[in-house]
Amino acid sequence: MNLMNSATAVWKRMWVLHHEAKNLMKFSVSGNNSQWDTESAESTRHKQEGDEPPSGFDTRQKIGLWLGPLLFLLTLLFVKPESLSAEGVAILASTLWIATWWITEAIPIPATSLLPIVLFPLTGGLDMDATASSYGSDTIFLFMGGFIIALAMQRWNLHKRIALWIISLIGTSTEKIILGFMVATGGLSMWISNTATAMMMVPIGLAIIYQVSDLLKDDDSIDTSPENFNFGKALMLGIAYSASIGGLGTLIGTPPNTIFAGVVSELYGVEISFARWMLFGVPISAVFLIIAWIYLVKVAYKMKFDQLPGGQKVIR
């Protein structure tokens, strides 16, 4: 009986962790701090009460629960490509099972994440020592550090303070405003995921666009409609471009950087430190940022007015 109670408690705890992991992923995509606070508080309440958060075990999850093992077995039994070894087929089959359970949320995400420890050695894809040691990889902790930085900046609105300070420092002409947004977005994207940075900056950019549009509504020489307002187009595209460009600057700027460094270290024995990456990453980001800015304001969307109406007041 005690064993059953312990297993039930562990399972409930897994669902709590599942919802916390989902909240973290939603935050990294949307940058929505209010949603994070609300859902995180909900998970905490369930954890304190000792009950299971609503898992919503619906049709999708039931299908996924059986589809994952089915794909695993079908791949092991019938997929025999000449160019892929037996170990490769085993890893492919295991990956299909894991991915299916992740996508359908058939069981809690933390539990699904432990499947490789069982499946890889069982199928002969990878031995136990290599599989288990991968969970302590430097890459995992680097990702974790990036999430912690993002959460801390969002929690105290540091991203807004940094962005507005940079924009105010660069200037308030229309072209400089766009450059300021791009520099701020690129700088933040070096430490936070590209998508989260873009979503953090878009509301600030939209507020500026709406205010400028309102100030220019009586000027017949400037069309401020969404489809024809060059300042708005350039600003939004500038945020999007610079979020991706800034991610090149550091190892944690975007996940592919970290994965690349890990693969190079493992396959070729070349260690790329954080500072070493920045030595070439930051200059490349800066050059691409300037190129993107020149293209937006000088080629694609030439500005029809030079100074921002209201100047510093609009920024503040």
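1. Let's start in a loop: Glu105 sits between H4 and helix H5 (109–113). Helices here are DSSP runs of H or I with at least four residues, strands are E runs of at least two, and both are numbered from the N terminus. Glu105 counts as buried, at 15% relative accessibility. Buried means under 20% relative accessible area, exposed means over 50%, and partly exposed lies in between (1.4 Å probe, protein chains only). Look at the backbone too: phi of Glu105 is near 55°, a positive value in a residue other than glycine. Most residues other than glycine have a negative phi.

2. Before going on, a word on what you are looking at. This is a predicted model, where local features need pLDDT of at least 70 and side-chain atom pairs count only at pLDDT 80 or more, while totals for chains, interfaces and linings use all residues. Residues are numbered from 1 along each chain as its sequence is written, and side-chain values use heavy atoms, with hydrogens and water left out.

3. Now the whole chain. It has 15 helices and zero strands. Of its 316 residues, 39% are buried. The accessible surface comes to about 17500 Å², and carbon and sulfur atoms hold 67% of that; the areas come from the Shrake-Rupley method with a 1.4 Å probe, and for residues only the protein chains shown count as cover. Among contacts (heavy atoms within 4.5 Å) with a separation of 6 or more, 68% join residues 24 or more positions apart.

4. Back to H4, this time with a partner. H4 and helix H6 (residues 115–123) pack at about 155°, their axes 9 Å apart. Axes are lines fitted to C-alpha atoms, for helices over the stretch in contact, and angles run from 0 to 180 degrees between N-to-C directions. That makes H4 roughly antiparallel to H6, since angles over 145 degrees get that label, under 35 is roughly parallel, 65 to 115 roughly perpendicular and the rest oblique. On the H4 side, the contact uses Ala90, Ile91, Ser94, Trp97, Ile98 and Trp101, and H6 brings Leu115, Pro116, Leu119, Phe120 and Thr123. By class, that is nine nonpolar, two polar and no charged residues. Nonpolar covers Ala, Val, Leu, Ile, Met, Phe, Trp, Tyr, Cys and Pro; charged covers Asp, Glu, Lys and Arg; the others, Gly among them, are polar.

5. Thr100 also lies in helix H4 (residues 86–104). Is Thr100 buried or exposed? Thr100 is buried, with a relative accessible area of 10%. Not counting residues up to four places away in sequence, Thr100 touches Gly64, Leu67, Gly68 and Leu71. Gly64 is 36 residues from Thr100 along the chain, yet their C-alpha atoms are separated by 6.1 Å.

6. There is another helix pair to find. Helix H11 (residues 194–215) and helix H12 (residues 230–246) pack at about 165°, with axes 9 Å apart, and are therefore roughly antiparallel. The residues of this contact divide into twelve nonpolar, four polar and no charged.

7. Finally, zoom in on Ile239, found in helix H12. Ile239 is buried, with a relative accessible area of 1%. Leaving out residues up to four places away in sequence, Ile239 touches Phe181, Thr185, Ala198, Met201, Val202 and Gly205. Ile239 and Met182 are 57 residues apart in sequence and 5.6 Å apart in space, C-alpha to C-alpha.
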